[in-house]
Structure formats: C-alpha cells, structure tokens
Amino acid sequence: MSDVWAPEAFKSRTDAVLADFLDDEAAELLAVDDALDPLAEALRGTARHGKRLRAAFCYWGWRAAGQPDSEALMRAAAAMELVHAAAVVHDDLIDDSPLRHGRPTAHHAFEGLPGTLRRPRAAARSLALLLGDHLVALAGRLYAESGLPAAYLSRGRPLWAVLARELVAGEALEILHTGGLPDLDTSLKVIRYKTAKYTVEQPLLLGALLAGAPAALREGLSRYGLPLGEAFQLRDDLLGLFGDPARTGKEPLDDLRAGRPTVLLAETWRAADPDRRALLRRTLAGDAPPDDAALREVRALMTTLGAPDRVERMIAGRVEEAVRTLDELDLPAAAHRALTDLAHRAAVRHS
C-alpha cells in the first residue's frame, strides 16, 4: 500500500487475508469429520462482512510509528477482525439477536440446520458458543503466525490480555445493568469497555507496540482512540433505534426490548418528568414483555425529549477531540490523513 490511503483497497487486502486463513481452518475442521460442515461454513462466513476498521486502526498505529507497509503486519492486523467476529457471535448469543448484516445470526442459523438435532435451540446456542470461542483462539493464532519477528510480537502480547479482560468486563457490565435504572455514567462505562477500547484504542496501540513506538506516541494514540471509540458506539446505538434496517441489517427496537443500558435511554430518563419516567418503567421494566407499539412510543419519547440530538452532539464532540489530538502529535503525513479519515468513517455512517 502506498502513502495514499485507499480504504476499499485496504478492505480487500484484509478480506483476502481472512478468507485464506479461514478457508484453511475450515478444511482442517472438515478433515476431522464431514458432519462439522455447518461449523466450517459459519467460520468462513465471518470473513464476508465488516468495514475492517479494527484492522485499519492497527495498520495505521504501525504506520504512525514510521514503519512501512508490511504483509506480515496486515496479517497481525487482520487478527483484530477475528476478535471482533468472536465478540459479535457471543454478543448476538447473549442478546438473542435474530439478525446481523441482514442475515440470521450464528445461533439462529444453526437452529435451522436440517436433520434431527435433539433440542435444536440448545444445540444451536452451544454451536454458536463454540464458534465464538474458536474465533478467539484463531485470532491469537493468526497474530502469532503473522510472520512478524518474535521480538515484535512479544511487545504486543501483554495488550492481548488487557483487551480480553476489558472486553469481558464491558459485556458483563452490560448484562449486570440491563433492566436497571438508566444512568449516564454507567452507560458510558459500558460502551467504553464493551466496544470503544477494542474497536479503536487497542488496535491502534497494538500496531504502535509492534512498531516499537515510544510511550509518548502511544499515549497520544490513546487520547485519539478512546473518544473516537465511544463516538463509534454512540453512532451504533443511534442507528440501532433510528437507522434504516435495510442498511443496518439489524432488527429495530432490540436495544429497547432488552432494556439495555444505552446512553440514549439514560439521556431520555434524565430529561423525563415523573409521568414519563413512569411510562418508561412500565414499558421497560414491567412484568410482561413490551410489544412493538409500546417500544415505538418510547422511541418517540426519546425524540420528543431531544435524546438523539444530545447523542449527536456527544458524537461530534468526541470526533472533534480525536481529530484535534492528531494535530498535537508528530505523525507521518500519510498516517495523519488516514487517521483523520478513519475518524469520520467510524462516526459518520449509516450502517
């Protein structure tokens, strides 16, 4: 790749790395037994979607430290996409989400397998759990076998433990606070640890660590990555409730139906008077599951109380903070341009 940032070309390179790697792994599964074909096909399917933002941030963390383009680094960066694929499979399983990218999620797809599975729903969920676990292991293998020198790989190894811990912590915090009283600080902590850090900051730091970047540069990349990662997830929450399902590929109203502790819900609660808070309690914490009409009423209340507009301002402020940080760092021009573009791609999108 030249110093001209070409997002689609980068995505194609990452897609090719993942497709080849997962095709080989699928073949290894089938060598064990042909009955594993559904698992092998699901594994291949994880390479077919995604914006490849995490791989891009890892790549530009490497380039920000002055390193040149590298095929070995591309493989290490692609490992970040397998972490994401694992997180998606597990998250969809935890949330029982039916759709992702407009297609059935892993556990729903497994439930539709032909044959005579005993307890098909439980079997499907178990297969999805195994798929997610296997993707985590494969991420580590792709990183370790990327072709980078062992001394480089050892620099990034401690970050993998931090990433795993914080990703689990974020998912667990969301589960523990789902259905509770909305609280902005709690919601922001959930998105920081569940999504923001492993989407932007940690891939950036991994690339920088692999490149041998000094501590000052890594600290600056964190100051760029954390607010941008939060902006990414805030946009995701907005799209989940107010986006076009034909473009997002997700079921609308899922976050509300589950009572997840989103910033949108916290902002709505904060602005609501006692009567409206009573409506929120009845709908989201009542004994009976809410129907779509009641959830649409809550969504309309969010708009009435200005919650989406406030979240938009949060996104804009975080993107501005991230881009301003780049101006304070002594970055190669190509890295500065690419990270500026990636900031807008992460936060200003429709899917």
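A charge counts as sitting over a ring if NZ of Lys or CZ of Arg is within 6 Å of the ring centre and within 35 degrees of the ring normal. In this predicted model, Arg349 and Phe232 make such a contact: the charged end of Arg349 sits over the Phe232 ring, 4.0 Å from its centre. Arg155 does likewise with Tyr152, its charged end lying over that ring at 4.4 Å from the centre.

Tyr152 turns up again among the aromatic pairs. A search through the whole structure gives seven of these. In one of them, Tyr152 partners Trp62, with 6.3 Å from centre to centre and 50 degrees between the planes, a tilted arrangement. Tyr152, with a relative accessible area of 25%, is partly exposed. So Tyr152 has a ring partner in Trp62 and also a charged end over its ring, from Arg155.

Another of the aromatic pairs joins Tyr59 and Trp60. Their ring centres are 5.1 Å apart and their planes stand at 80 degrees; since an angle over 60 degrees counts as edge-to-face, that is the label the pair gets. Tyr59 and Trp60 are both buried. They also belong to one aromatic cluster, together with Trp5 and Phe10.

Next, helix packing. Two packed helices can be summed up by the angle between their axes and the distance between those axes. For helix α8 (residues 184–210) and helix α9 (residues 215–242), the axes come within 8 Å and cross at roughly 145 degrees. The crossing of α8 past α9 is right-handed. What sort of residues make up the contact of α8 with α9? They split into 13 nonpolar, six polar and six charged. Phe232, whose ring has the charged end of Arg349 over it, falls within the residue range of α9.

Helix α1 (residues 7–32) and helix α6 (residues 120–144) also pack, with their axes 12 Å apart and at an angle of about 120 degrees. The α1 and α6 crossing is right-handed.

How values were computed. Residues are numbered from 1 along each chain as its sequence is written. This is a predicted model: local features need pLDDT of at least 70, side-chain atom pairs count only at pLDDT 80 or more; totals for chains, interfaces and linings use all residues. Side-chain values use heavy atoms; hydrogens and water are left out. Axes are lines fitted to C-alpha atoms, for helices over the stretch in contact, and angles run from 0 to 180 degrees between N-to-C directions. Helices (H or I, at least four residues) and strands (E, at least two) are DSSP runs, numbered from the N terminus. A crossing is left-handed if the near helix is turned anticlockwise from the far one by less than a right angle, and right-handed if clockwise. Ala, Val, Leu, Ile, Met, Phe, Trp, Tyr, Cys and Pro count as nonpolar, Asp, Glu, Lys and Arg as charged, and the others, Gly among them, as polar. Rings of Phe, Tyr and Trp (its six-membered ring) pair if their centres lie within 6.5 Å; planes under 30 degrees apart count as stacked, over 60 as edge-to-face and the rest as tilted. Buried means under 20% relative accessible area, exposed over 50%, partly exposed in between (1.4 Å probe, protein chains only).
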